[in-house]
Amino acid sequence: MNPKKQDNDLLRLKLPANAVQRLRRAGIYCSPGVTIEFQQQTKRHVLRGRESGGATKEFGHYVSFCGLGGERLPWFVRPDSLVANGDHAVVIAPSLVSVEVLRVEHTYELLIARHELRAEREGVRPRVWSKLLFRGWQGQLPLDLVEKDRSVAGQIAPEFFTRAGDVRQLPALFVEAVQAVVLAVNCAECRHPHLLVAPKPPPPAEMPVRSGSTERGPSTPNEKDDAEPTEQTPAVTAAV
């Protein structure tokens with residue numbers, strides 16, 4: 001078996017062809033793949049992912065990304081689009097955790113995978129190394145998060161069970177990320193990211209201090225601005 005193919009299997013949920021076609025006909029475009037890119041300025045390889053997807057009333061499909069500890073990551077760019085339920089933001093990082101959810105009515109499929117760059121030896125282009133962190137089948141959440149129960153969307157996740165009926169706990173680090181993506185698969189006509197966040201603006205540049213400045217420093221308690229001359233402080237007439 002091709003090792004590269006085996007790694008790529010973890011990058012997305014495996015959906016039947018007719019399910020993919022139905023999502024496309026509904027105008028839902030989810031792109032769970034992760035690609036390797038090379039940064040010329042830093043001379044390093046990075047991973048690139050696209051937060052994408054959306055929902056209709058009946059079903060939804062969405063993927064987003066977070067850090068290895070579940071922390072929210074800033075997007076690199078947030079493209080504007082004429083259509084909904086497509087690409088919402090691009091993230092670039094040395095490592096990523098993908099959170100992908102498919103919803104059909106009140107039934108959910110979930111895949112959480114960790115993605116890193118690994119090279120077989122120095123000087124060789126790295127490949128994506130993926131590890132499955134959680135796979136949930138037929139999770140149940142009997143709420144209408146699209147409309148009636150919208151107020152709790154983003155604060156709740158479906159329950160997943162073993163074949164014997166035991167509850168499977170979500171990885172604690174990624175509960176917030178799962179809740180955000182569950183909200184996304186209930187966001188009809190989605191046009192914005194749900195997990196990636198806006199990058200922090202750079203700190204303002206400090207004003208340079210000019211040498212030989214003639215500006216006055218702060219006044220002392222004995223100084224008065226525009227004080228009129230008194231007997232103790234006679235007026236001085238400047239020569240012109």
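I begin with the pair Glu-116 and Arg-114, whose side chains form a salt bridge with an N to O distance of 2.5 Å. Please bear in mind that this is a predicted model. Glu-116 has a relative accessible area of 14%, so it counts as buried, the cut-off being under 20%. Arg-114, at 30% relative accessibility, is partly exposed.

Another of them joins Arg-50 to Asp-87, with the closest N and O atoms 2.9 Å apart. Arg-50 sits in strand S2, residues 44-55, and Asp-87 in strand S4, residues 87-93, so this bridge ties together parts that are 37 residues apart in sequence. Both ends are partly exposed, with relative accessible areas of 31% for Arg-50 and 32% for Asp-87.

Next, are Arg-135 and Glu-109 buried or exposed? Both are buried, and their side chains meet in a salt bridge at 2.9 Å, N to O. Arg-135 lies in strand S7, residues 127-140, and Glu-109 in strand S6, residues 107-118; the pair therefore links parts 26 residues apart in sequence.

Of its 240 residues, 37% are buried. Among contacts between residues at least 6 apart in sequence, 67% join residues at least 24 apart. Finally, the accessible surface comes to about 15,600 Å², with 52% belonging to carbon and sulfur atoms.

Methods. Residues are numbered from 1 along each chain as its sequence is written. This is a predicted model: local features need pLDDT of at least 70, side-chain atom pairs count only at pLDDT 80 or more; totals for chains, interfaces and linings use all residues. Side-chain values use heavy atoms; hydrogens and water are left out. Buried means under 20% relative accessible area, exposed over 50%, partly exposed in between (1.4 Å probe, protein chains only). Contact means heavy atoms within 4.5 Å. Accessible areas come from the Shrake-Rupley method with a 1.4 Å probe; for residues, only the protein chains shown count as cover. A salt bridge is a side-chain nitrogen of Lys or Arg within 4 Å of a carboxyl oxygen of Asp or Glu. Helices (H or I, at least four residues) and strands (E, at least two) are DSSP runs, numbered from the N terminus.
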